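Please look over the sequence and the model before reading on.

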Amino acid sequence: MNDALRILHRAAPVMPVAHFQNLAHAQACAELFAEAKVPTVEVTLRHPQAWQMVKIFKDIMPFAKIGVGTVVNRRQMLRAADEADFVISPGFSAELSILARKTLTPYIPGIATASELMAAMNEEHRVFKCFPAAAIGGVGLIKALSAPFPDVTFCPTGGISPSNYQEYLALESVACVGGSWIVPSEDALNKDRAGFLAMLKDLYAS
């Protein structure tokens, strides 16, 4: 089993896809996730202080695998190779794939079509983010792709929610899903931290 596949299996059932409002919000979520023993977190590069947020998670959750998401260029990949445990992209880039191999960084590229999947497989990838999952066909698309490509594994992200994530997890080719719904907003966390903690503990109990 390669490193990227190990990360997805470790992340099951849900990998938090985390976009934080500020550093205080990131700190509070890291403390929450640490208490709930969340095993894997994707911190997206969608905030000017995202790299500081990655460090917060690495410091507070040394037992977990902390990844960097929304990596789209060479500079981000090289920095992520130094500061994170794995990298996720919304799409596929051969250049980023080559850099990941050179830096021995577990890399999970995104795909949305069979052509993208074939291009990534030619670079020896077998583990993929399916994005934006709900918008491009959801469960039906993954079923369709799994037929001609039986040796690939997916982490669907985008439009995943408490009402549909189990449908994705029921597919043999899906190791985990990516979800932002398990990352509470700053206001929600302040109002009901105990409720979110109970939800997370229940989610990762198995």
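The sections below describe pockets, helix packing and backbone geometry in this predicted model.

## The largest pocket

Rolling a probe the size of a water molecule over the atoms shows where empty space is left. The largest pocket holds about 320 Å³ of space. Its lining consists of 15 residues, and those nearest the centre are Arg 101, Thr 105, Pro 106, Tyr 107 and His 125.

Two helices, H1 (3–11) and H5 (94–103), each contribute at least two residues to the lining of the largest pocket. The greatest contribution comes from H5, which supplies 3 residues. Sorted by class, the lining of the largest pocket contains 6 nonpolar, 4 polar and 5 charged residues.

## The second largest pocket

In terms of class, the lining of the second largest pocket comprises 5 nonpolar, 9 polar and 1 charged residues.

## Packing of H4 against H5

Two packed helices are described by the angle between their axes and the distance between the axes. Helix H4, which spans residues 74–83, packs with H5 at an angle of about 20°, and the two axes are 10 Å apart. Because angles under 35 degrees count as roughly parallel, H4 is roughly parallel to H5. The crossing of these two helices is right-handed.

On the H4 side, the contact is formed by Arg 74, Met 77, Leu 78 and Ala 81, while H5 contributes Glu 95, Leu 96, Leu 99, Ala 100 and Thr 103. By class, this contact between H4 and H5 has 6 nonpolar, 1 polar and 2 charged residues.

## Packing of H2 against H10

Helix H2 (residues 23–36) and helix H10 (residues 193–203) pack at an angle of about 45°, and their axes lie 9 Å apart. This angle makes H2 oblique to H10. Where H2 passes H10, the crossing is right-handed.

From H2, the residues Glu 31, Leu 32, Phe 33, Glu 35 and Ala 36 meet Arg 193, Phe 196, Leu 197, Leu 200 and Lys 201 of H10. The class count for the contact of H2 with H10 is 6 nonpolar, no polar and 4 charged residues.

## Backbone geometry in the loops

Most residues other than glycine have a negative phi, and most peptide bonds are trans. Against this background, the peptide bond from Ala 12 to Pro 13 is cis, with omega near 0°. Pro 13 belongs to the loop between H1 and E1. Phe 131 and Pro 132 are likewise joined by a cis peptide bond, for which omega is about -10°. Pro 132 sits in the loop that runs between strand E7 (127–130) and helix H7 (138–146).

Leu 104 is not a glycine, yet its phi is positive, at about 55°. Leu 104 is placed in the loop between H5 and strand E5 (107–108).

Technical notes
Residues are numbered from 1 along each chain as its sequence is written. This is a predicted model: local features need pLDDT of at least 70, side-chain atom pairs count only at pLDDT 80 or more; totals for chains, interfaces and linings use all residues. Side-chain values use heavy atoms; hydrogens and water are left out. On a 1 Å grid over the protein atoms alone, a cavity is a set of points where a 1.4 Å probe fits but cannot get out, and a pocket is an open set with protein on both sides within 12 Å along at least five of seven lines; lining residues have an atom within 4 Å of a point. Grid points are joined across faces, edges and corners, and a volume is the space filled by probe spheres set on the points. Helices (H or I, at least four residues) and strands (E, at least two) are DSSP runs, numbered from the N terminus. Ala, Val, Leu, Ile, Met, Phe, Trp, Tyr, Cys and Pro count as nonpolar, Asp, Glu, Lys and Arg as charged, and the others, Gly among them, as polar. Axes are lines fitted to C-alpha atoms, for helices over the stretch in contact, and angles run from 0 to 180 degrees between N-to-C directions. Angles under 35 degrees count as roughly parallel, over 145 as roughly antiparallel, 65 to 115 as roughly perpendicular and the rest as oblique. A crossing is left-handed if the near helix is turned anticlockwise from the far one by less than a right angle, and right-handed if clockwise. Contact means heavy atoms within 4.5 Å.
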